[in-house]
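Hi,

Here is the structure we talked about. Please open it first, then read the notes below.

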Amino acid sequence: MTDELRPEQGGQEEVDCSSGKNTLTLADVEALASIPRAGTRSGNPYLPEMATVVEIIQETPNVKSFRVRFSDEEVMERFTFEPGQVGQLGIYGVGESTFAINSSSSNKDYLQFSVMQAGEVTTALHQLSVGDKVGVRAPMGRPFPVREWKGKNLLFIMGGIGSAALRATVLHCLEHRADYGDVTILYGARTPVDLTFGYDIEEWQSRNDVQTVVTVDAEFPGWEGRVGFVPTVLEELAPGPVDTMAVLCGPPIMIKFCLQVLERLQFADEQVYTTLEKRMKCGIGICGRCNVGPKYVCVDGPVFTMAELRELPDEL
């Protein structure tokens, strides 16, 4: 076995540049420590860190947001992540699933995960109450390069529960609003009932430094807002590609047609980002369940540019 370990992307610990070290060694690893506790130095990356559910928000009829705190206050205080990174949220005896960490990366009060009820694990999560315990393995994956985007215009395109994958990135960019140019948020869902994070939408629409466009697929009783599929509305908005980064997440069919619109609008592949976290399983590049061609979504992603995805088998 080699004495050098590949650091996980975006882990909690930073390499000590003053010592000249640029890789981890076995001597750096904390025996039996979890990822939230030791970051890249985790001795057991499969070990969940215990956390407590402190608040549950019913976002839509089938989506709940869970706000959790690590049971160890020191871990909670030291924990860091970058926008776009994900975590494994699990229930002992049932299993775990991958969800984007969608609270603000500056928030030390809780981590937020939004869960659509769809299978065994998500159904068990939906049965939790405040005070219940969950296991958390995080942070995992490559984040959005928000620092590289400084000075750029930002275009966020979200559909349905796909908003959860981008929420932390949107919050970061709005918290550091002066670092970026124009910010546009296009968010659509099948019906108004399926729009998540209503509290965010209200805040975004109240700001004069953000263009927020919310749409639903078809007419709905009581809905007075915009009607139209997200790709159609995107084409109507016709954002310019100059110095603009487009960041999108939603149902595969929405992404497929939005990419066609962005191509017609002359966005280069390097200007378009999306995330494939739905493919992740173990989260640490061991099980191989998330491989796409030569890449592992959990360590090489989940954030990819379209230029990177063009080199891989079609996943959209």
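This is a predicted model: local features need pLDDT of at least 70, side-chain atom pairs count only at pLDDT 80 or more; totals for chains, interfaces and linings use all residues.

Three residues stand out on the domain 2 side. Glu59, Pro83 and Asn102 supply 33% of the area that domain 2 buries against domain 3, more than any other three residues.

For polar contacts, it finds five residue pairs, both residues at pLDDT 80 or more. Strand 3 (49–60), strand 4 (63–70) and strand 7 (111–116) each supply at least two residues of the domain 2 side that touches domain 3. That side divides into eight nonpolar, ten polar and two charged residues.

For orientation, the domain assignment gives domain 1 (3–33), domain 2 (40–140) and domain 3 (153–275). The contact takes 20 residues from domain 2 and 16 residues from domain 3. The centres of these two domains, taken over C-alpha atoms, are 25 Å apart.

Seven strands form an open sheet with mixed pairing, in the order 12-11-10-9-13-14-17. Strand 12 (226–227) and strand 17 (303–305) stand at the edges with a single partner strand each, so one side of each has no neighbour in the sheet.

Strand 17 pairs with strand 14 (residues 272–275) in the antiparallel sense, over three bridges. Which residue of strand 17 is the bridge partner of Tyr273? That partner is Thr305.

Best wishes

Conventions:
Residues are numbered from 1 along each chain as its sequence is written. Side-chain values use heavy atoms; hydrogens and water are left out. Domain bounds come from an automatic or database domain assignment. Contact means heavy atoms within 4.5 Å. Buried area is the accessible area (1.4 Å probe) that two parts lose on being put together, summed over both. A polar contact is a pair of N or O atoms within 3.5 Å; within protein, one must be able to donate a hydrogen and the other to accept it, and residues adjacent in sequence count only if both atoms are side-chain atoms. Helices (H or I, at least four residues) and strands (E, at least two) are DSSP runs, numbered from the N terminus. Ala, Val, Leu, Ile, Met, Phe, Trp, Tyr, Cys and Pro count as nonpolar, Asp, Glu, Lys and Arg as charged, and the others, Gly among them, as polar. Two strands pair if DSSP finds at least two bridges between them.
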